[in-house]
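Here is a brief report on one protein model. It starts with a single residue and widens to the fold.

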Amino acid sequence: MCPGCGSDLLVDKTCVWIETHGLDCGPYETGTDEWFECRNCGAKLAPSEVVWDECPEYEEEAIQER
Ligand SMILES: [Zn+2]
């Protein structure tokens, strides 16, 4: 959920970026940015900033250990 307003209405956003360094024919750098946007207050949150009520990865690990 959003640490600012407590809303669970988070939208998963991904942005692909290309850095041309001002060149017309490369080499280009490309990469992706991922973040979450809160629909309630409009905050942009890095994945590490989002407060999850439950952690699915942790649950999965716990099951495998049994
Ligand atoms: Zn919010």
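## Threonine 14

This is a predicted model. Threonine 14 sits in strand 1, which covers residues 10-19.

Phenylalanine 36 is 22 residues from threonine 14 along the chain, yet 8.4 Å separates their C-alpha atoms.

## The sheet

Strand 1 pairs with strand 2, residues 29-38. The pairing is antiparallel and runs over 10 bridges. One of the residues involved is valine 11, whose bridge partner in strand 2 is glutamate 37. In general, strands of a sheet pair through backbone hydrogen bonds, either parallel or antiparallel.

Three strands make up an open, antiparallel sheet in the order 1-2-3. Strand 1 and strand 3 (44-45) are the edge strands. Each of them pairs on one side only.

## The whole chain

The protein contains one helix and three strands. Read from the N terminus, the order of elements is β-β-β-α.

How much of the protein counts as buried? The figure is 3% of the 66 residues. Take the contacts with a separation of 6 or more: 52% of them join residues 24 or more positions apart.

Technical notes: Residues are numbered from 1 along each chain as its sequence is written. This is a predicted model: local features need pLDDT of at least 70, side-chain atom pairs count only at pLDDT 80 or more; totals for chains, interfaces and linings use all residues. Helices (H or I, at least four residues) and strands (E, at least two) are DSSP runs, numbered from the N terminus. A residue is buried if 20 or more other C-beta atoms lie within 10 Å of its own, exposed if 12 or fewer, and partly exposed in between; C-beta atoms are placed from the backbone. Two residues are in contact if their C-beta atoms, placed from the backbone, lie within 7 Å. Two strands pair if DSSP finds at least two bridges between them.
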